[in-house]
Amino acid sequence: MLTRLSLLLSLALLLACLAPANNKKKDSLPAEVLDAQTVVVLVDPDAGMSTSAPLANRTAQEDVEKALAKWGRLKPVLVGNTADLVITVRKGNGKIVQPTVNGEPTNDRPVVVQPSDNGIHIGAQQGRPPDSTQRPSQDTSPGLGSEVGSTEDTFLVYRGGPAGDALERAPVWRYVAKNGLHSPDVPAVAEFRKAIEAALKQQQKTTKP
């Protein structure tokens, strides 16, 4: 166990060293993003479910959908195959390594994590989203594990299309920051809106005769 934890910490430190100095946002946006009308919001399929805050990612998903709906430019939809854009969200909790519940597809119905006299009880509910946005899990039995990831909230934007293909490509815009998915303001959506508005202004300048 100690050896595994040591390897995870070493990997996390390596990733931190390789990360760019400013990873908060990427301002250049392709035409597909500027022309987009619909979006599907997913929990990052690689994110485990935190044992200390099991609903954190799903809450962030709902908060982002509400913020996008309030903005009005992009219409959130449930079927990823019909969306112009795919957004994934992942909550950070300030820890590089954290205990998680693994084994259930992230965008299925939530796994139920309940405290018990003997520790943590893990139960599963069956169900899948109405499309193929979730990569199939190798092990469908919920269990405890650990996760190495960003300590900050992550908001990634991908070109649309079949979700399995969309998430295989590099994101076209990203925002990684502490409390970036915090409700009710949801700074990640606000920054994405600013990036689109800035890109549209630049586009108008370049197309003027």
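Arg193 is partly exposed, with a relative accessible area of 37%, where partly exposed denotes the range between buried (under 20% relative accessible area) and exposed (over 50%), computed with a 1.4 Å probe on protein chains only. Its side chain meets that of Glu197 in a salt bridge, 3.1 Å from N to O, the term being used for a side-chain nitrogen of Lys or Arg within 4 Å of a carboxyl oxygen of Asp or Glu. Glu197 is likewise partly exposed, at 36% relative accessibility. This is a predicted model, in which local features need pLDDT of at least 70 and side-chain atom pairs count only at pLDDT 80 or more, while totals for chains, interfaces and linings use all residues. Residues are numbered from 1 along each chain as its sequence is written, and side-chain values use heavy atoms, with hydrogens and water left out.

| Salt bridge | Closest N to O |
|---|---|
| Arg90 and Asp44 | 3.2 Å |
| Glu191 and Lys194 | 3.6 Å |

Arg193 and Glu197 are separated by about one helical turn because they lie four residues apart in helix α5; helices here are DSSP runs of H or I with at least four residues, strands are runs of E with at least two, and both are numbered from the N terminus. Glu191 and Lys194, three residues apart in helix α5, are also separated by about one helical turn. An α-helix has 3.6 residues a turn, so residues three or four places apart point the same way. Within this second pair, Glu191 is buried, with a relative accessible area of 16%, whereas Lys194 is partly exposed at 49%.

The salt bridge between Arg90 and Asp44 has its closest N and O atoms 3.2 Å apart. This pair links distant parts of the chain, since Arg90 belongs to strand β4 and Asp44 to the loop between β1 and β2 (49-50), 46 residues apart. Arg90 is buried at 15% relative accessible area, and Asp44 counts as buried at 11%.

Strand β4 (85-90) is also among the elements that cover the buried residues of helix α3, together with β1 (38-43), β3 (75-76), β9 (153-159) and α5 (187-207), contact meaning heavy atoms within 4.5 Å. Helix α3 spans residues 56-71, and its 16 residues reach 22 Å from the first C-alpha to the last, close to the 22 Å expected at 1.5 Å a residue, where the expected span is 1.5 Å times one less than the number of residues. Its buried residues include Asn57, Arg58, Asp63 and Trp71. Gly72, with a positive phi near 95°, follows α3.
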